[in-house]
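Here's a quick briefing on charged pairs and a greasy surface spot. Have the model open while you read.

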Amino acid sequence: MTDSVEPSTSTSSREDPDPNPNPNSLIRPRREPFEHGLLPIPKLIFTDPIQSLIPLKQKLSSAQRVNSEILAESLQISLDHARLVFDTLASVLHADSDPIVKALPEEIDSVGADVRDLILFLYIQSYKRLLPRTHKDSAAVADVWPSTSAFDGYLSALSPLQLVRSNSRRFMPSQTDEEIHQLSYLQKHMANILHLLAEPADGEDEDSLVLSMEGFEHLGFVVQFGDKGSEGIPLSQAAPFFANSDPDMPAVPVPAAQVHDWISQNIDSALEHLTERASAKENGPANASDPDVAMADACTSSVKPSTVTRGPSYIEGISKSSYVKQASDLKGSSVKVINCHDSVIYILAPLRYATIYGCSDATIILGAVGKAVRVEHCERVHVITAAKRVCIANCRECILFLGVNQRPLIVGDNHKLQVAPYNTFYSKLEEHMAEVGIEATINKWDEPLALGAVDPHDSLSHPAGVSDVQAESASHLDPDQFTNFLIPNWYGGESTGSTKDNPFPLPDAYMTCQQRNQKNLGEIKQLLREAPLEENRKRELSSALHVYFKDWLYASGNIRQLYCLQGD
């Protein structure tokens, strides 16, 4: 590996310089629906969304909220897929106060989804993700990416997995590029989106559409001002036609055309600002403010928490290291772990969203994730997480130890995935789970749901009929291979909490194997202690055991756990 591309571990490593003194005055796309809310279900992706969704809205609008059975019947999809739509919508909804967000898993059907949120969710299924760009230093890219695997010989040349292997995530679109792409999509489709949220004016013909303040607030599903999201001011308070409305008096509905003009002007301003910033970054000198240039060494001791709160925290480029982040080290509630290799990464914090992208030969522990986890383009990675839901896309030879309240979602080009029950704990785990709303009594780790092998949102062209191919699902880890993962307590008394054991009950088969292995270990220890061996034979036995143990450490990947014992 060369020194030309160094790892970056700052929470602001993908933040671009922002000369605007008040970034909260700019309209921005909400990242969550585009990153965690797209489902590769063909019947949800409409060639002409407005023509398909207007009659659906009319059919569903007799009730303000609808359940999964009504949606399944309306779209001619399975009940499992309809429930998946509702679960996914709840995980990316902008309003945490909505009943579907607060509902327990068994209550979601009875609570139902707001028709307007559901229609917007279905509309953005037409979105196409931004393709990766080629980096100017292809040799550097080749140096930092791991060697090819046996699978590469027969994967399609257009496979998203091969595509990402030739374009390391470090050189995928920056946050600015993605925001420009998302805003451009919204600018193109805003008239249709507002049409779906609007209603005919009283006493006027159907072409005279108006938007109520309540309807306008649902636009917060796809846009926001600044990056505070639901913690910021209501979207209607940013609009001049609804700002400072008397809460006791219903605001007068506004013509949809007027709202469209105002939104379009704001998007134009934001795009101009973002484009200038992206251009300055491309044409300016490479420096620490450039998100595609390394900012910090991978060693834990050299990383200082960033004071920037905008966007997710990025942990990037860790190699052959142990890396630890606790709640006090993170400034936001979202984390992205990108391009980390041959390392152990501990993120022991309550989170809303987490993404693991482009990692290989690593063990990654995520504390408690209350909304969604996405694991994408990873190889030979062990992921340990307690989460509301998890999606695995385009991965190979990965094992996921899960405590999840919803079925794990498997999409894309996957090979040899395994799932297993959750296998660790740390002192504040149950406190973090309670904070983000994860139930330890519900664990659907063993019910993976496989969708399409091809992602229709990736902007690539695919042969006809390939979208109907189902993704390879995940198998259950053999109980004999299941082991507990021990999280060291580096911080002693500073990390005190009430959790003393794994809060997720182990299935009987795994518990039986674990007890049997512990019993066998105890018996072997006793035999070794009592063995009548001469000192030289004891030394030979000890040496042989060390050799076998070392071989096992490397073969199993557990050697990575010893990185935390290395000196600074």
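Asp-96 and Lys-371 meet through their side chains in a salt bridge, 3.4 Å from N to O; the term means a side-chain nitrogen of Lys or Arg within 4 Å of a carboxyl oxygen of Asp or Glu. Asp-96 sits in the loop between helix H4 (79-92) and helix H5 (99-102), and Lys-371 in strand E12 (residues 363-376), so this pair ties together parts that are 275 residues apart in sequence. Keep in mind that this is a predicted model: local features need pLDDT of at least 70, side-chain atom pairs count only at pLDDT 80 or more, and totals for chains, interfaces and linings use all residues. Numbering runs from 1 along each chain as its sequence is written, and side-chain values use heavy atoms, with hydrogens and water left out.

**Ground rules**
- Helices (H or I, at least four residues) and strands (E, at least two) are DSSP runs, numbered from the N terminus.
- Buried means under 20% relative accessible area, exposed means over 50%, and partly exposed is in between (1.4 Å probe, protein chains only).

**More on the Asp-96 pair**
- Asp-96 is partly exposed, because its relative accessible area is 28%.
- Lys-371, at 9%, counts as buried.

**Other salt bridges**
- A search of the whole structure turns up 19 salt bridges.
- Glu-214 pairs with Arg-116, and their closest N and O atoms are 3.1 Å apart.
- That pair links distant parts of the chain: Glu-214 is in helix H11 (residues 213-217) and Arg-116 in helix H7 (residues 115-123), 98 residues apart.
- Glu-214 is partly exposed at 46% relative accessible area, while Arg-116 is buried at 17%.

**A joined-up network**
- Arg-396 and Glu-379 form a salt bridge at 3.4 Å, N to O.
- Arg-396 lies in the loop between strand E14 (390-393) and strand E15 (399-404), and Glu-379 in the loop between E12 and strand E13 (382-387), so the pair ties together parts that are 17 residues apart in sequence.
- Both partners are buried: Arg-396 has a relative accessible area of 0%, and Glu-379 has 3%.
- Through shared partners, salt bridges join Asp-361, Glu-379, Arg-380 and Arg-396 into one network.

**The nonpolar patch**
- Ile-524, Leu-528, Leu-533, Leu-541 and Leu-545 make a nonpolar surface patch with about 390 Å² of accessible area together (Shrake-Rupley method, 1.4 Å probe; for residues, only the protein chains shown count as cover).
- Helix H15 (508-530) and helix H16 (535-556) each give two or more residues to the patch.
- Patch members have over 30% relative accessible area and no salt bridge; nonpolar side chains (Val, Leu, Ile, Met, Phe, Trp, Tyr) are joined within 5 Å, like charges within 9 Å.
- Leu-528 lies in helix H15 and is partly exposed, at 39% relative accessibility.
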